[in-house]
Amino acid sequence: MEEKVYSEKKGCVFCGPCLLFDRDIYSQFSKDGFNDWKNAESRVSQHENSTKHKSNLITLKERANTLGTINVSLTKQLDEHIIYWENVLRRVVATVKALSSRGLPLRGHNEKFGSTQNGNYLMAMELISEFDPFLAEHIGKFGQCGSGHTNYLSSTIYEEIIQLMADKIRQTIIDEIKTVKYYSIIVDSSPDISHVDQLSFVIRYVQENGVPIERFLQFLPNTGHKAIELFDSVIKLLNSYEIEIENCRGQSYDNARNMSGIYSGLQARIKELNPLIEYVPCSADSLNLVRSCAADSCDDTLTYFSLLQTKIKKTVKTLANTRWSSRDDACKSLNSSWNEIRNALISITNHLTEKATTINEARSILNKLDSLETAFMTVLWGCLLDRLNKASKQLQSVNIDVSVIVDIYDSLIEYTKSLRNPIIFNEYENKAKLLSVVKEYKKSRNRVRKSFHDETRNQEQELEGSDKFRVKIYTVILDCLTNELEDRQAAYFLFNSRFSFLGKLTEYSVDEIMEFAKNLQNVYKEDLEEDFPNECIHLQAHLKNKDKMSILQLCKWLKEYGFYEMYPNIDIAIRIFVCTPAANCSTERSFSCLKRIKTYLRSQIKQERLNSMAILTIESSLLVSLPYEDIIKSFANKTARRQLFKLK
């Protein structure tokens, strides 16, 4: 009965093959229709066994095999239709990926092709269409259809694609975190252009190849500045992504009390949940505070930096209030352009057409420059800030661990101590004399204290000139800098001392390695098994004839050659150490992205779209690796749009 067709209008049944091909012989199944329901079984059976029916059925099959059925035509046209719109979406996705990876705005004042105010997205599509006939034809056919017509070129489509790509990247990051198990958190906050405080949330973990990575997840708006409010926001975010706080092993923030407080700060509240989450203060921020304290060590340094900040900044380089790298640049510029700046100031003071206030200001700066003390400060701080700035840049790298921080601080401490050598002081003094017009230090008035009648001591000798400057200024700056470096280094010493033996296995005896390994195992009882000390001894023998490797290099070596299966507990210990962040500079970089995305022209951007654009821009390496096919397939499954079309 598969070939039978029922007509509702006549209330009869027809035989499809006979209706099409039985033109000469009369039959109810091919002419008038069959409705003798009482004898239906016998009559239908008789018709199906007839020679003519079988002949018509064979004709239908042969025709279908030769010309194809209508289903084939529909399927072919549907496939062509799908391929067409896939090609359109491929160009749309490529354009959105390129623009969003750079944080550029997509929408303009209108969405009209040919307009000079249609935004970056339509501008890019127009540019591609100049060299792509397919897209040019599509824009010409569907570009000006208006609302209610599907063209996949509207802002609604690319907004859905942006959200879709952001979700995929975020899910990729979360899957990686759950796979590697151990991770650390980094948070910091900053207000955006619309004065909404944004808390940047970054997670650090060790990838499968042994390389540490810091991934941005999202911004949290208006979390508040109190430790309890920050704590609630962090825990809520981790729970929303089903990331277990039990696997967290590190946290890093700046030195603000609400973050770093040991009693009620954010780090203390998180350690209450998991005592194994070690807090590591941002090493770059700590070094910045060291420089600030050293600059405040005496009145002369305050006067010198005030001169750079308020007087010479228009001539040399504008100084930032929080970034000491700008002071390094200012000192370098002052050292290299000392004579040019001085000549410019002399020219201003002798220029009669200048305003009196300008002449007086130039004369005041010139008087301060024309002193050996100012020249010495320029030489000294030029050298100090150069070393500190280069160390700070090294500390901001993602591919460092806490052991590197300790080594860098050690080197800076030894460097500042070595500057106390009189030979180095004399060298700085000679350089200052080459810069300065004045070759002598300012003389101070000798204040002779009144002696009482019962005093028999000799009159104190006041230091003058070079000795006075060296004792009361030069040495004070170096001592303050050394003390601050030692205090800041102490914050990293305890945590580093637990793991440092892993990078120096060949330098210790078996007994010492056993002791270090057992101490570390006692701290991480749930992570390291009892076989951990034996693995350390075995690894010592394995590394005996190899070059010395740092802990980070050892982590990569274990992954590269597959030795992590031989030393599973050592691999766990190293990953815990390497995943602990050394600085929170990744959050600072995310704020730079925030300023590019949320500008004064886009100050009303919604938080969801802000987070989507931010993760696409910050994690652009993951965005580039997203396959077009996966994005298009996910878009089609989510959207499920229907297209009406006619058969050709």
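User: Let's start with a helix pair. At what angle do the axes of α16 and helix α18 cross?

Analyst: Bear in mind that this is a predicted model. The axes of α16 and helix α18 (residues 422-435) cross at roughly 125 degrees and come within 8 Å. Angles of 65 to 115 degrees count as roughly perpendicular and those over 145 as roughly antiparallel, so α16 is oblique to α18. The crossing in which α16 passes α18 is right-handed.

User: Which residues of α16 and α18 meet?

Analyst: From α16 come Leu372, Ala375, Phe376, Val379, Leu380 and Cys383. They meet Phe425, Tyr428, Glu429, Lys431, Ala432, Lys433 and Leu435 in α18. Sorted by class, this contact has ten nonpolar residues, three charged and no polar ones.

User: And how is helix α16 oriented against helix α11?

Analyst: Here the angle is about 165 degrees, and the axes of helix α11 (residues 283-295) and helix α16 (residues 372-395) lie 9 Å apart. Since angles over 145 degrees count as roughly antiparallel, α11 and α16 are therefore roughly antiparallel to each other. Their crossing is left-handed. On the α11 side, the contact is made by Ser283, Ala284, Leu287, Arg291, Ala294 and Ala295. On the α16 side, the residues are Trp381, Leu385, Leu388, Asn389, Ala391, Ser392 and Leu395. The class count for α11 with α16 is nine nonpolar, three polar and one charged.

User: One more pair, please. How far apart are the axes of α24 and α25?

Analyst: They are 10 Å apart, and the packing angle of α24 and α25 is about 125 degrees. α24 and α25 are therefore oblique to each other, and α24 passes α25 in a right-handed crossing. In α24 the contact residues are Ser590, Cys593, Leu594, Arg596 and Ile597, while α25 supplies Leu610, Met613, Ala614, Thr617 and Ile618. This contact of α24 with α25 counts seven nonpolar, two polar and one charged residues.

User: What lines the second largest cavity?

Analyst: Its volume is about 40 Å³, and its lining includes Leu106, Arg107, Asn118, Tyr121 and Tyr158.

User: Finally, which residues lie nearest the centre of the second largest pocket?

Analyst: Those are Pro105, Arg107, Leu601, Arg602 and Arg609, out of 17 residues lining the pocket. Arg107 is also one of the residues that line the second largest cavity. The second largest pocket has a volume of about 530 Å³. Helices α7 (155-180) and α25 (607-618) are the elements that give two or more residues to its lining. The classes here are five nonpolar, six polar and six charged.

Terms used: Residues numbered from 1 in each chain as written. Predicted model: local features only at pLDDT ≥ 70, side-chain atom pairs only at ≥ 80, totals over all residues. Heavy atoms only, no water. Axes fitted to C-alpha atoms, helices over the stretch in contact; angles between N-to-C directions. Helix = DSSP H or I, 4+ residues; strand = E, 2+ residues; numbered from the N terminus. Parallel < 35°, antiparallel > 145°, perpendicular 65-115°, else oblique. Left-handed = near helix turned anticlockwise from the far one by under 90°. Contact = heavy atoms within 4.5 Å. Nonpolar A, V, L, I, M, F, W, Y, C, P; charged D, E, K, R; others polar. 1 Å grid on protein atoms, 1.4 Å probe; cavity = no way out; pocket = protein on both sides within 12 Å on 5 of 7 lines; lining within 4 Å. Points joined across faces, edges and corners; volume = space filled by probe spheres on them.
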